Amino acid sequence: MYRFELLNVEDDGPWNAVQAHESSTVFQTRAWMAFLAATQGAVPVILGIREGSRAVGHFVGLIVERFGLRILGSPFPGWTTDYMGFVLEADSCRVSALQGLFDFAFERLGCAHVEVMDRQLTTQDLTHVRAKYRLYEGFAVDLALDEATLFKNFTSACRRCIRKADKDGVSVEVAAAEGFAEDYFEQLKEVFAKQGLVPTYGLDRVKQLIEHLHPAGHLLLVRARDRRGRSIATGIFPFRHGVMYFWGGASWREFQILRPNQALHWFAMKYAKAHGIHTYDLGGGGEYKRQYGGREIRIPWIRKSKYAWMESARTLAQSAVRVRQQVCGQWRQLFAKSRTLSITRQQAAATITNP
């Protein structure tokens with residue numbers, strides 16, 4: 001039976017142990033936890049896990065308060081964060097650790113709800129665990145393959161897009177941090193507007209991500225330019241311990257005919273491969289990600305509530321967020337149309353006044 005201990009998040013020792021472990025992810029680093037604390041109003045938590053007198057690993061997460069209830073997320077929906085969970089020795093039992101975590105969170109941390117997405121847990125592991133889950137689906141590309149094979153594994157349409165971008169003079173580069181967040185977010189707003197939506201996060205989150213992760217050397221920023229040097233697409237890629245993740249990408253609609261998005265991903269893969277990274281995780285679902293030839297992955301995002309009614313409340317809250325996003329997007333479209341109409345009227349009036 002595993003025993004959990006709440007450790008001091010200010011101590012360097014536990015963080016150094018977590019970050020040095022080869023199975024840990026960039027989302028379990030101290031820098032990423034600081035990023036989430038700054039953007040989510042969350043309190044970082046690091047737990048030591050022991051079996052008898054033997055230390056077997058750690059758990060990393062954050063606690064937030066919603067409607068007066070404490071929630072332990074590792075991660076939690078809306079945090080733009082992938083796999084967290086446990087960092088355990090190879091001979092440890094993750095299922096036992098998960099069951100012990102639920103008990104500790106409810107009884108010792110005073111939490112009413114817990115969510116965990118650990119990339120080494122499978123649906124088969126959860127057969128005897130009393131908890132709910134949904135599958136977090138995505139694609140992972142094996143960068144250990146040579147470049148020719150990687151490119152061949154892309155769909156034919158994707159390969160044509162990359163060749164077209166090169167033929168039309170699109171260049172891709174590693175970008176500096178200064179001004180990148182603003183450039184990316186302006187493009188992102190247009191991506192969402194095309195669907196009648198608004199971004200699910202604000203400019204400050206992008207700034208905070210860059211501020212915390214870029215100096216630590218765990219964040220690749222990439223920009224695509226056209227022949228005239230104009231920024232036409234941007235991408236953000238966290239990485240650590242041999243795995244790079246696609247956090248976000250955006251582009252201007254008028255330049256998408258140049259196919260900068262495919263060129264941007266191809267550049268990131270080659271950069272990662274050259275820097276010893278063996279896996280490119282495309283960060284969640286999206287049918288367009290299939291074009292890069294990765295294998296499908298399905299990771300259970302596990303949740304357990306202390307009270308039965310919280311499951312319904314969680315579903316209702318997520319529906320409310322989606323509705324709010326759609327309404328905000330529609331209002332933005334109406335405002336843009338109204339502004340365009342106003343400018344057109346002003347121009348017409350000026351023409352009549354000054355023929």
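Reply: Let's start with R94, which forms a salt bridge with D118, the closest N and O atoms being 3.1 Å apart. The pair ties together distant parts of the chain, 24 residues apart: R94 sits in helix α3 (residues 94-107), and D118 in the loop between β6 (113-116) and β7 (132-142). Helices here are DSSP runs of H or I with at least four residues, strands are E runs of at least two, and both are numbered from the N terminus.

A word on the source: this is a predicted model, where local features need pLDDT of at least 70 and side-chain atom pairs count only at pLDDT 80 or more, while totals for chains, interfaces and linings use all residues. Residues are numbered from 1 along each chain as its sequence is written, and side-chain values use heavy atoms, with hydrogens and water left out.

By salt bridge I mean a side-chain nitrogen of Lys or Arg within 4 Å of a carboxyl oxygen of Asp or Glu; the structure holds 14 of them.

Both partners are tucked away: R94 is buried at 12% relative accessible area, and D118 is buried at 1%. Buried means under 20% (1.4 Å probe, protein chains only).

Technical notes
Buried means under 20% relative accessible area, exposed over 50%, partly exposed in between (1.4 Å probe, protein chains only).
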